[in-house]
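Trainee: I have a model to go through before I set anything up. Can we take it question by question?

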Amino acid sequence: MDISFVTLGIVLLPLCAALGLALAPLRGLAAKRASTAAAAALLLLAGLSCLAAPHGGELSWGSTAPWLATTGSGLALAVDGLNRYALLALAAVLLLAVSVEGRFGGAPSRARLALALTGAGGMALVLTSRDLMVAAAGHGLAGLALAAVLGLGREAGSGRAGRRFAHWAASGSLMLAAAAALYGAGNGSTLVHTLAATDVSYGGLAAALAAAALAMQIPLVPFHTWLVPVCTSGALSGRILVSGGWCAVGAFGLLRFWLALVPAEALAASSWLVLWAGSSSLWTAMLAIVQPRPGLSPRAALAVASTGGLMAAGLFAPGSLQALGAAALAAGIALPRASLLLLALWIEDRGAGGLRTAWAWLALGLTVAAAPGGGALPGWLTLVAGVLPAHPALGWLLILSSGVLAVALLDPVVDLARRPASSGRGALRRVLALVIVTAGVVGLRPEPLLSGARPIIERMRPGPPAEPGVRAAPAAHGEGIGP
């Protein structure tokens, strides 16, 4: 089934909605309702893409490229089909961001809403484009739009947070553009599926630039220094889009624009890169655990960085099982991570407490830390199960970092439960309850997520590596996962 129109709609819908908001004389609640409707429509389109290609069908034009042929497998990466999960998570995070606009003081801002939609459109372009140069342009558009959203906040330090984020986002966009220019100069093309099937000139330097740019976006240590300032100041909608959308898109970018282009280099450097990602996850989890208890938003921001390290570890360890786990993890906890930050900001702003608030924090903390019953569980188990056999020490490093992160997120629960109960906002409570229920259902019944993702990533069969330009045969329905 050809659903390329869905891809085009996913990119154009938020951009057109942002343009309409900029031109239409809408104010306050009217602008928020229009933005919410656009975000809901984007969520429906992303859901349609999942339903229309349930068995690994293409989400866009072009052919899939063989991936990691040097490992001796016939694994093919259907990059567009895979990223429908990321698009679904991005649409859900955007809907959350526009729905809470203006909740913490002041009326909804039409400018912030338009910029949030623009940022989502740019990130969707990164997730759907097969051209590295176009993806760099989408990266820059999303980064500058999100920086502007952050800078328009009423909180102290919003302008500084926006400028800081703009510097990092612009640096990453320039590095991606430089990588695309090197590929274009050496091969006359910047199309991923073309470059993956040819001997890429300047591939090593271009891949290093692209990997560094996306590591800044996830972010990995030492590129993580921007995350806490951005998540503790700036407009609320911008913070949610950064923590739930921007950082998750970086993980999918590694899968699409780095591993697919340099499989030999990825295999050769995999141990060191997994060590980097795992150490980054452990270090940021340790930073989270030593945060003062009253400051919950820095703790939530560092949790975003720690889970980002887990995702990167799965992507840096070349193998279908690890990639499947990293993709499921990135898509499964995008919304819970954004909701955890939202809950932290609400607690700090209102001084909220009581058993219901403590239970909400506990549920979201368990979800983000990949505990049983949380949406991160299927991705976390798959990732660790893939890393442990090949890299036992690194696998235990990931388990240790997850444990430290769980302690860091569960530490404030007792303090929250002892505080006087606060009624809070009914709408916010309903949103958090919906997120928790959704994450719990995904965690308890992960089969639909993994069985849908497996035909896209897991195409490994015994036999010779796939020939360049030849798509590997899909795995049979119900076939086990493993090399």
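Trainee: Among contacts with a separation of 6 or more, what share comes from residues 24 or more positions apart?
Mentor: This is a predicted model, where local features need pLDDT of at least 70, side-chain atom pairs count only at pLDDT 80 or more, and totals for chains, interfaces and linings use all residues. Residues are numbered from 1 along each chain as its sequence is written, and side-chain values use heavy atoms, with hydrogens and water left out. A contact means heavy atoms within 4.5 Å. Residues 24 or more positions apart supply 79%.

Trainee: How much of the chain is buried?
Mentor: Buried means under 20% relative accessible area, exposed over 50%, and partly exposed in between, with a 1.4 Å probe and protein chains only. The chain has 483 residues. The buried share is 60%.

Trainee: How many helices and strands does the chain have?
Mentor: Both are DSSP runs, numbered from the N terminus: helices are H or I with at least four residues, strands E with at least two. The chain has 22 helices and two strands.

Trainee: How do the axes of H13 and H19 run?
Mentor: Helix H13 covers residues 270–289 and helix H19 residues 392–410. Axes are lines fitted to C-alpha atoms over the stretch in contact, with angles from 0 to 180 degrees between N-to-C directions. Here the axes are 8 Å apart, at an angle of about 15°. Angles under 35 degrees count as roughly parallel, over 145 as roughly antiparallel, 65 to 115 as roughly perpendicular and the rest as oblique, so H13 and H19 are roughly parallel.

Trainee: Which residue classes make the contact of H13 with H19?
Mentor: From H13 come residues including Val274, Leu275 and Gly278, and from H19 residues including Leu394, Leu397 and Ser401. Nonpolar means Ala, Val, Leu, Ile, Met, Phe, Trp, Tyr, Cys and Pro; charged means Asp, Glu, Lys and Arg; the others, Gly among them, are polar. The contact has 15 nonpolar, five polar and no charged residues.

Trainee: Which peptide bond into proline 222 is cis?
Mentor: Proline 222 lies in the loop between H9 and H10. Omega is near 10°. The cis bond is the one from valine 221 to proline 222.
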